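Good morning, colleagues. May I ask you to look at the sequence and the structure on the screen while I go through a few of the computed features.

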Amino acid sequence: MSALIPRLLLALGLLALPGLAGAQMAQGIEALTVTTNGDGGETYSVTLQIILLMTLLTLLPSILIMMTAFTRILVVLAILRQGLGTTQTPSNQILIGLAFFLTLFVMAPVFEEIYDTAVVPYLNEEMGTEEVLAAGVQPLREFMLAHTRESDLAMFAEINGIDGFEDADDVPLSLLVPAFVTSELKTAFQIGFLILIPFLIIDLVVASVLMSMGMVMLSPLIISLPFKVMLFVLVDGWALMMNTLATSFFV
């Protein structure tokens with residue numbers, strides 16, 4: 001009985017919402033307005049701007065993963081961990097955090113350009129909302145175009161029924177983003193292949209030695225793991241890996 005009362009109150013509240021909404025719409029919600037400027041542009045009310053901002057914040061993880069260097073970095077670090085044979089060390093949280101801050105380092109020039117060309121004019125009320133979005137996306141477009149293979153762009157353009165593009169600005173984001181992610185995955189696996197070669201050689205040598213000694217029941221991973229970790233430490237592997245990932249975006 002005690003649990004039924006809150007449910008009834010909730011149901012009554014939901015039934016009353018349409019009437020309240022209709023009354024407010026009849027009177028007009030002044031906070032949700034779009035004003036037409038003298039030059040033909042549109043100015044959104046503060047409430048609408050907050051709603052748009054909250055919507056963008058919900059899409060921020062997808063933007064971070066699909067439109068920045070995050071994908072390549074995280075995939076390479078995951079392949080490195082697999083090659084070392086330490087399946088849970090470093091943990092997923094550490095790899096994601098490392099990939100996130102390395103992404104911030106790589107994307108710092110792009111973010112600074114977005115801040116200078118979009119955020120500052122918006123705060124100074126020199127741009128409207130639509131102009132800010134267009135100016136903010138442009139640096140990301142340039143970054144993605146610089147790291148997207150033409151073959152991937154051509155493939156998605158062919159799927160979409162487009163013969164070609166006269167200019168880079170003609171490439172829509174709906175086509176550029178999947179082409180960029182595909183190119184990043186290709187590059188990440190190419191780097192991962194080069195990383196796995198020395199670890200594979202160590203595994204083969206250890207497995208051959210164990211086979212020649214007749215120790216078939218002993219897993220080669222148990223013996224090769226210390227040698228792979230020692231090799232990685234001796235060559236200063238983490239610094240070399242960070243340097244390789246960072247410079248791969250600046251070449």
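Met107 sits in the loop that links helix H4 (92-106) to H5. Is this residue buried or exposed? Met107 is buried, its relative accessible area being 0%; here buried means under 20% relative accessible area, exposed over 50%, and partly exposed in between, with a 1.4 Å probe and protein chains only. Between the C-alpha atoms of Met107 and Ala246 the separation is 9.9 Å, although the two residues are 139 apart along the chain.

Before I continue, a word on the basis of these values. This is a predicted model, in which local features need pLDDT of at least 70 and side-chain atom pairs count only at pLDDT 80 or more, while totals for chains, interfaces and linings use all residues. Residues are numbered from 1 along each chain as its sequence is written, and side-chain values use heavy atoms, with hydrogens and water left out.

As for the overall layout, the protein has ten helices and two strands; these are DSSP runs numbered from the N terminus, helices being H or I with at least four residues and strands E with at least two. Along the sequence the pattern reads α-β-β-α-α-α-α-α-α-α-α-α. Of the 251 residues, 28% count as buried.

Let us turn to helix H7, residues 150-159. Asp152, Leu153 and Ala157 are buried there. They lie on the same side of H7, because they cover an arc of only 135° around the axis, the arc being that of the directions from the helix axis to the C-beta atoms. Glu158 and Ile159, on the other side of H7, are exposed. After H7 comes Gly161, with a positive phi near 80°.

Next, the surface. Which residues gather in a patch of negative charge? They are Glu112, Glu113, Asp116, Glu142, Glu166, Asp167, Asp169 and Asp170. Such patches are made of residues with over 30% relative accessible area and no salt bridge, like charges being joined within 9 Å and nonpolar side chains (Val, Leu, Ile, Met, Phe, Trp, Tyr) within 5 Å. A salt bridge is a side-chain nitrogen of Lys or Arg within 4 Å of a carboxyl oxygen of Asp or Glu. Helix H5 (residues 108-123) gives the most to the negative patch, with three residues. Asp169, in the loop between H7 and H8, is partly exposed at 49% relative accessibility.

Finally, a nonpolar surface patch includes Phe193, Ile197 and Met215 among its members. Ile197 belongs to helix H8 (residues 173-212) and is partly exposed, with a relative accessible area of 33%.

Notes: Accessible areas come from the Shrake-Rupley method with a 1.4 Å probe; for residues, only the protein chains shown count as cover. Lys and Arg count as positive and Asp and Glu as negative; His and the chain ends are not counted. The place of a charge is taken as NZ of Lys, CZ of Arg, CG of Asp or CD of Glu.
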